[in-house]
Amino acid sequence: MLYVTETTHTQKNPRPRRGDEALFSSPEFRVAMDALAGLRADLFHDAFAYRPLPPRGRPGRIARVLPERLRPYAVWAPHALVGAAGLLALLVTFEGSRDDLVEVLAISVFSLGPILLTLVRPVGAFWFSLVSIPVVAMIGQNWGGDYGSGDYPWAPASFVAHLVVLTVVAARTRPRTAAWMWALTAVYAMGAESLFGNRYFNSNAVPFLFVAALALLMVSMLLVRRAAEQEVTAQLTVTAHERSKRTLLEERTTIARELHDVVAHHMSVVAIQAEAAPYRVENPPEELTKAFATIRENAVAALTELRRVLGVVRAEDYEAPDAPQPTLADLDGLLANVREAGLSVDKVVTGAVRELPQGVELSAYRIVQEALSNTLRHAPGAGARVEIGYVLGGLGLRVVNGRAAEVSFVKQTPTEGAGHGLTGMRERVSMLGGEMTTGPTADGGYEVTVFLPAASTVEDGGDGA
């Protein structure tokens with residue numbers, strides 16, 4: 001019975017003590033576990049994974065000083081720098097060794113190997129370099145060269161090789177990995193100093209750790225700066241896209257307001273004429289009176305719905321203009337105002353001038369107005385030419401400006417804060433189902449060419465100007 005009792009007691013799981021629970025739940029313990037998890041992820045997990053260093057996406061600044069035929073190879077500049085660092089380690093190896101070929105080859109493998117390994121397996125190169133430090137020290141001591149005479153724990157070749165490896169691996173990974181590599185290197189240096197430091201005259205542990213800290217700090221700062229620049233570039237791209245969408249919506253709102261004024265005018269005229277029509281006929285039939293009443297009611301209802309829909313996109317401070325919306329007949333007044341502002345502009349009209357739908361004439365007027373405004377803003381002092389062609393099935397527009405101050409309104413960008421004139425033009429042309437092309441001219445200026453399909457509002461298309 002006593003045996004059963006003891007067996008049952010040993011099978012019970014002892015409850016954790018309160019002190020252990022407090023330790024496991026403390027912030028310090030969680031920070032330590034997170035740090036160990038970061039160390040494992042950075043330097044132990046897939047430490048020898050194959051990660052070849054790719055060439056640069058485009059030639060950097062170094063390509064500017066290279067001859068023309070060598071500039072395409074500038075994308076391999078990082079690989080060339082690593083190779084040059086390896087050659088430096090070899091020179092230090094030859095300088096610090098005697099004429100023993102075996103010694104030179106052995107130390108060369110353990111100094112050049114980690115540097116070249118950073119090109120394909122960066123984290124593995126760090127471990128290879130860390131292991132090679134005592135190996136190179138023992139080889140130098142056994143062969144009796146300068147490697148065993150005084151500098152410890154880093155022989156001259158190991159000093160250069162490990163510093164290069166730390167720098168390259170830090171550049172290829174991230175700042176946290178650089179901190180872990182420096183910490184492990186410091187642990188090795190302190191352990192080597194405490195165990196074998198008394199056998200050597202010169203200890204270079206502190207100088208190496210200081211130089212390595214400076215190098216890793218510079219690399220980490222460059223990485224942080226590059227990441228910040230990429231984030232800022234991404235944010236600017238998103239901001240420019242959002243600004244473009246907002247400008248497009250604002251332009252559509254403006255078009256909706258203007259078209260409301262045009263359509264509201266015509267619908268009001270229809271309602272008034274439908275109400276007055278029965279009184280112009282003596283003894284009109286009852287059916288005709290009801291028809292005109294129905295027309296008036298539909299016109300008023302359509303006008304009410306139009307105003308209700310426009311209220312969704314209309315700004316609170318918007319007020320409908322007292323004067324009717326402009327048409328091509330008002331273009332001479334616009335050109336006169338532009339000339340007073342200092343822009344020399346000519347107007348050329350071809351084809352039989354005829355009356356077009358008011359929406360087409362309004363859009364044509366606004367397109368010319370925006371093009372001339374962009375010319376004033378971005379090509380000061382340049383002349384402009386406005387060509388209007390009344391062709392079969394529509395209206396052709398061409399606005400071209402000359403070259404001034406090496407810039408024209410095509411170079412307008414979202415970051416300049418000058419608006420999106422071309423976006424508004426394209427939106428108006430797209431609304432009417434037309435076509436629009438833009439591009440530089442041979443003399444360095446810029447032109448906007450538009451075709452707006454439209455039928456004449458007067459049958460047989462007379463010369464009604």
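Which residue in β5 is the bridge partner of E387? In this predicted model, with residues numbered from 1 along each chain as its sequence is written, the partner is R398. Local features need pLDDT of at least 70, side-chain atom pairs count only at pLDDT 80 or more, totals for chains, interfaces and linings use all residues, and side-chain values use heavy atoms, without hydrogens or water.

Eight bridges join β4 (residues 384-391) to β5 (residues 394-401). The two strands run antiparallel. Strands here are DSSP runs (E, at least two residues), as are helices (H or I, at least four), numbered from the N terminus. Two strands pair if DSSP finds at least two bridges between them.

Now take in the whole sheet. Five strands form an open sheet in the order β3-β4-β5-β7-β6, with mixed pairing. β3 (345-350) and β6 (435-440) stand at the edges with a single partner each, so one side of each lacks a neighbour in the sheet.

Two helices pack on this sheet. Contact means heavy atoms within 4.5 Å. Helix α11 (residues 331-340) touches β3 and β4, and its direction makes about 160° with that of β3. Angles run from 0 to 180 degrees between N-to-C directions, and axes are lines fitted to C-alpha atoms, for helices over the stretch in contact. Helix α12 (residues 358-378) touches β3, β4, β5 and β7 (446-453). Its direction makes about 5° with that of β5.

Elsewhere, two helices meet. The axes of α7 (residues 156-172) and α8 (residues 175-196) come within 9 Å and cross at roughly 155°. H162, L166, V169 and A170 of α7 meet A178, M181 and T185 of α8.
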